[in-house]
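Here's a quick briefing to read alongside the model. Have a look at the structure, then go through the notes by topic.

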Amino acid sequence: MALKFGPSRGELWFRLVFSVLGLAMMGFALWYRGVPEGPALFEVVGLAGAFFGGTAIWTGVKLWRR
């Protein structure tokens, strides 16, 4: 079922790839530099992980349903 509004299938694939690469880069940075202490831990792991992870999950669900 094609939706009248919303992102195209190509844009969803772009979002998925961008999100997975963002998670991979964050993982590499944590591996290379170590886990930060204090408020940086919340910012780096919490917010970035929630953004990239949430976008990847949301996009995966949208692609799965189409």
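**Quick tour of the model**

Val44 sits in helix 2, which covers residues 39-65; helices (H or I, at least four residues) and strands (E, at least two) are DSSP runs, numbered from the N terminus. Keep in mind that this is a predicted model: local features need pLDDT of at least 70, side-chain atom pairs count only at pLDDT 80 or more, and totals for chains, interfaces and linings use all residues. Residues are numbered from 1 along each chain as its sequence is written, and side-chain values use heavy atoms, with hydrogens and water left out.

**Overall shape**

- The protein chain has 2 helices and 0 strands.
- Its radius of gyration is 15 Å, well over the 11 Å that the globule rule gives for 66 residues, so the chain is more spread out than a compact globule. That radius is taken over C-alpha atoms, and the rule is 2.2 Å times the number of residues to the power 0.38.
- Along the principal axes, the C-alpha atoms of the protein chain fill a box of roughly 45 × 20 × 15 Å.
- Take the contacts (heavy atoms within 4.5 Å) between residues at least 6 apart in sequence: 73% of them join residues at least 24 apart.

**Surface and burial**

- The protein chain has about 5,300 Å² of accessible surface, and 72% of that belongs to carbon and sulfur atoms. Areas come from the Shrake-Rupley method with a 1.4 Å probe, and for residues only the protein chains shown count as cover.
- Of the 66 residues in the protein chain, 17% are buried. Buried means under 20% relative accessible area, exposed over 50%, and partly exposed in between (1.4 Å probe, protein chains only).
- Val44 counts as partly exposed because its relative accessibility is 33%.
- Val44 also belongs to a nonpolar surface patch with Val35, Leu41 and Val45, and together they have about 280 Å² of accessible area. Patches are made of residues with over 30% relative accessible area and no salt bridge; like charges are joined within 9 Å, nonpolar side chains (Val, Leu, Ile, Met, Phe, Trp, Tyr) within 5 Å.

**Ser19**

- Ser19 is part of helix 1, residues 9-33.
- At 1% relative accessibility, Ser19 is classed as buried.
- Apart from neighbours within four places in sequence, Ser19 touches Phe52, Thr55 and Ala56.

**The salt bridge**

- The count comes to 1 salt bridge, meaning a side-chain nitrogen of Lys or Arg within 4 Å of a carboxyl oxygen of Asp or Glu.
- Arg15 and Glu11 make it through their side chains, at 2.8 Å from N to O.
- The two residues are about one helical turn apart, because Arg15 and Glu11 are 4 residues apart in helix 1.
- Arg15 is partly exposed at 28% relative accessibility, and Glu11 is partly exposed at 35%.

**Aromatic rings**

- There are 6 aromatic pairs in the structure. Rings of Phe, Tyr and Trp (its six-membered ring) pair if their centres lie within 6.5 Å; planes under 30 degrees apart count as stacked, over 60 as edge-to-face and the rest as tilted.
- Phe18 and Phe52 make a tilted pair, with 6.0 Å centre to centre and 55° between the planes.
- This pair links distant parts of the chain, as Phe18 is in helix 1 and Phe52 in helix 2, 34 residues apart.
- Phe18 is partly exposed at 45% relative accessibility, while Phe52 is buried at 17%.
- Phe51 and Phe52 pair edge-to-face, at 5.2 Å centre to centre and 70° between the planes.
- Phe14, Phe18, Phe51 and Phe52 are linked into a cluster by ring pairs.
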